[in-house]
Structure formats: structure tokens, C-alpha cells
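Please read them alongside the model shown here.

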Amino acid sequence: MEFSLPDEQKQIIDGCIKGDRKCQQQLHKLFYGKMLAVCCRYATDRDEAKDILQDGFIKVFQRIKSYESKGALEGWVRRIIVNNAIDHIRKKRDFVLSNEEDSRLENLSEESSDILEEENYTQLKAEIIMNLIQKLSPAYKAVFNMYVLENLSHKEIADMLGINVGTSKSNLAKAKARLKEMFDEYVNNCNNLGNS
């Protein structure tokens with residue numbers, strides 16, 4: 001469901017501001033699928049993603065008065081949902097960001113890691129990549145999602161997670177290295193199945 005006219009979008013937003021349940025349902029229905037996919041990238045399973053999404057939509061409805069119609073409504077909703085997902089994973093006990101600089105990864109430049117990413121990951125289908133990302137630790141998954149999928153800078157990630165830029169870079173490098181290991185394992189398993 002897309003808005004056919006700007007008036008339709010304004011009507012739904014105005015209704016949401018007034019607390020109109022029907023308008024809230026329309027907004028929810030419009031963005032549910034896309035935002036659930038976003039939450040799935042941060043959650044450990046679909047049920048957790050749905051909880052994050054539900055909480056995120058509550059925040060959308062609470063903050064809808066602040067939407068200024070300058071950017072796309074979807075982008076505005078997405079930012080709230082992503083921030084809510086990040087808040088959720090930060091509260092989890094198993095979310096630990098590494099401050100240790102792994103000397104092996106410390107010298108990995110963004111340029112070389114981009115080449116590595118292109119060579120190894122572009123061959124995988126999106127579904128397989130998403131499955132591998134889900135297997136990362138919560139901290140690595142968060143930084144990877146924020147940098148690669150949400151296009152946030154290391155400075156923005158550091159500010160949002162309350163860490164330094166070096167820790168963000170280190171966690172991204174470690175996440176990419178872990179994804180490469182899992183990718184190699186996946187390819188070896190596929191090759192072994194094909195040879196048996």
C-alpha cells in the first residue's frame with residue numbers, strides 16, 4: 001500500500017496525531033513488512049523482532065507530531081525503528097562491545113575490507129547473507145548492520161552506542177572477518193555435499 005496522493009498521507013498523519021486507531025492501523029499496515037525486516041536484522045529471532053517492532057511503532061505514534069513532512073515518511077519511521085532496535089540490543093546482557101584492538105585486524109584498511117567484501121559476499125544470495133549476519137554476536141551484528149545496511153558512519157555508530165570510533169571500526173572488522181569465516185565454512189559444506 002503506497003500513498004496515492006500527498007493528501008492521503010497527510011490525512012493518515014493527522015489522524016495518528018489525534019490518536020485515531022484507524023489511521024494508526026493504516027500507517028502500521030503500510031510499513032509493517034519493511035520495518036519487520038529491519039528489526040529481524042537486529043533481533044535473535046522473529047519473535048524478538050516483532051517485540052522490537054511493536055515497541056518501535058508505539059514510539060512512532062508518540063512522536064508523530066514531530067514529523068515535519070520534509071523527508072520521506074518511511075525514512076522517518078525507519079530511523080525510529082532502527083534507534084529502537086539499537087536501544088533494545090544495548091539493554092541485553094550479552095551485548096558486549098570489544099575495546100580490544102586485534103592486531104591482525106587493526107591494520108585492515110577500509111579499502112581492503114571492501115575488496116574482501118566484494119569478492120566473497122556478492123556471490124551469496126541476500127537470504128544467505130542475512131542468515132550469516134544473524135549468527136554474529138549481538139555487538140558485531142549491531143555495528144555491521146548500522147555501518148553496512150543503515151549506512152551510518154563510525155562516528156554516528158560510536159555516538160549512538162556510547163563507544164569510541166576505534167571500537168566501532170574494530171567491531172566492524174571483526175564482524176567482517178567472522179562473516180568471511182562463516183562464508184568459507186558455508187562454501188566448504190556446500191562443496192562437500194556436492195562431492196558426496
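1. In α8, the residues P138, A139, Y140, K141, A142, V143, F144, N145 and M146 are buried, where buried means under 20% relative accessible area, exposed over 50% and partly exposed in between (1.4 Å probe, protein chains only). The helix is thus described as mostly covered, with 9 of its 12 residues buried. Helices are DSSP runs of H or I of at least four residues, numbered from the N terminus.

2. The model is predicted: local features need pLDDT of at least 70, side-chain atom pairs count only at pLDDT 80 or more, and totals for chains, interfaces and linings use all residues. Residues are numbered from 1 along each chain as its sequence is written, and side-chain values use heavy atoms, with hydrogens and water left out.

3. N151 lies in the loop between α8 (138-149) and α9 (154-161). Its phi is positive, about 60 degrees, although N151 is not a glycine. Most residues other than glycine have a negative phi. N151 counts as exposed because its relative accessibility is 63%.

4. The axes of α3 (residues 46-63) and α4 (residues 73-91) come within 9 Å and cross at roughly 130 degrees; axes are lines fitted to C-alpha atoms over the stretch in contact, and angles run from 0 to 180 degrees between N-to-C directions.

5. H28 is placed in helix α2 (residues 21-42). With a relative accessible area of 25%, H28 is partly exposed.

Terms used. Helix = DSSP H or I, 4+ residues; strand = E, 2+ residues; numbered from the N terminus.
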